[in-house]
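Trainee: I have a model open on my screen and I'd like to learn how to read it. Can we go through it together?

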Amino acid sequence: FSVSGTLPTLDMVIASSPTEGGSYTTRGTFAQKAAVGYQFLTPVVGAPFTDTWWKVTRTITGSNTPTFGAAVIVGIQR
């Protein structure tokens with residue numbers, strides 16, 4: 001939605017775990033962003049997911065207080 005700072009970059013990863021506080025498995029990685037944009041990830045093909053814990057992690061770099069306004073929506077088809 002928005003981006004500010006000098007040479008800002010945003011890296012985001014979707015991961016899941018079968019237990020709270022357990023080991024997380026990466027389920028999707030977004031391409032690095034340096035400007036406002038969007039991306040759809042390709043669905044992961046294979047066995048159905050039974051994990052109940054999901055998270056999105058992000059890493060922002062740059063200078064002059066880099067910020068990104070973003071939204072992530074995850075859907076699981078069972």
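Trainee: Which residues does Ala34 touch, not counting residues up to four places away in sequence?

Mentor: First, some ground rules. This is a predicted model, where local features need pLDDT of at least 70 and side-chain atom pairs count only at pLDDT 80 or more, while totals for chains, interfaces and linings use all residues. Residues are numbered from 1 along each chain as its sequence is written, and side-chain values use heavy atoms, with hydrogens and water left out. Contact means heavy atoms within 4.5 Å. With that rule, Ala34 touches Val3, Pro8 and Phe68.

Trainee: Where is Ala34 placed?

Mentor: Strands are DSSP runs of E, at least two residues, numbered from the N terminus. Ala34 is in the loop between strand 2 and strand 3. Its C-alpha atom is 10 Å from that of Thr67, 33 residues apart along the chain.

Trainee: And which residues make up the largest nonpolar core?

Mentor: A core here is a set of buried Ala, Val, Leu, Ile, Met, Phe, Trp, Tyr and Cys residues joined through side-chain atoms within 4.5 Å. Buried means under 20% relative accessible area, exposed over 50%, and partly exposed in between (1.4 Å probe, protein chains only). In this model the largest core has five residues: Leu10, Met12, Ile14, Phe30 and Phe68. Strand 1 (residues 2-17) gives the largest share of this core, three residues. Leaving aside neighbours within four places, Phe68 has contacts that include Leu10, Lys33 and Ile60.

Trainee: How many bridges join strand 1 to strand 3?

Mentor: Two strands pair if DSSP finds at least two bridges between them. Strands 1 and 3 run antiparallel and share 13 bridges, with Met12 opposite Arg58 in strand 3. Strand 1 also pairs with strand 2 (residues 25-29) in the antiparallel sense, over four bridges; there, Ile14 has Gly28 as its bridge partner.

Trainee: Which residue forms a salt bridge with Asp51?

Mentor: Side chains of opposite charge can pair when their charged atoms come close. The rule asks for a side-chain nitrogen of Lys or Arg within 4 Å of a carboxyl oxygen of Asp or Glu. By this rule there is one salt bridge. Asp51 forms a salt bridge with Arg27, and the closest N and O atoms are 3.1 Å apart. Asp51 lies in the loop between strand 2 and strand 3 and Arg27 in strand 2, so the pair ties together parts 24 residues apart in sequence.

Trainee: Are those two buried or exposed?

Mentor: Asp51 is buried, at 9% relative accessible area, whereas Arg27 is partly exposed, at 26%.
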